[in-house]
Amino acid sequence: MSLPAALEELWSVRNGLLTESGVAVYSTADIGERNATYEVALYAPGFLLVGDDSGGRGFLLRVGEPDSAVFSSGLGDLEPADFDVVSTDFASWIASLDLAR
């Protein structure tokens, strides 16, 4: 699976993060397990779960799209038709987060 360049760029500087508001971007060690646990390949093929809000919503990117929008969805409903767009691209989304932690 090809990972979005902006995610790999983040990992080159910081391997995962957790913001003051509880938004987590998964580390390289956790991303595979989180995607397997939530069966993302089964329920949302073509997407990658990259983080969550520590409250039941996940953040996803389209695999194979270098400038994928960031989508949000309840982790109990990974139906792409129900996804909300939270940012037009990953880099802008990361820039909008409080990275104090």
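User: Are Phe 90 and Trp 93 buried or exposed?

Analyst: This is a predicted model: local features need pLDDT of at least 70, side-chain atom pairs count only at pLDDT 80 or more, and totals for chains, interfaces and linings use all residues. Residues are numbered from 1 along each chain as its sequence is written, and side-chain values use heavy atoms, without hydrogens and water. The classes are buried under 20% relative accessible area, exposed over 50% and partly exposed in between, with a 1.4 Å probe and protein chains only. Phe 90 and Trp 93 are both buried.

User: Which class of aromatic pair do Phe 47 and Phe 83 form?

Analyst: Rings of Phe, Tyr and Trp (its six-membered ring) pair if their centres lie within 6.5 Å; planes under 30 degrees apart are stacked, over 60 edge-to-face, the rest tilted. By this rule there are five aromatic pairs. For Phe 47 and Phe 83 the centres are 5.0 Å apart and the planes stand at 85°, so the pair is edge-to-face.

User: How many residues apart in sequence are the parts tied together by Phe 47 and Phe 83?

Analyst: Strands (E, at least two residues) and helices (H or I, at least four) are DSSP runs, numbered from the N terminus. Phe 47 lies in strand 3, and Phe 83 in the loop between strand 5 and strand 6. The pair therefore ties together parts separated in sequence by 36 residues.

User: What is the strand order of the open sheet?

Analyst: Two strands pair if DSSP finds at least two bridges between them. The open sheet has six strands with antiparallel pairing, in the order 1-2-3-4-5-6.
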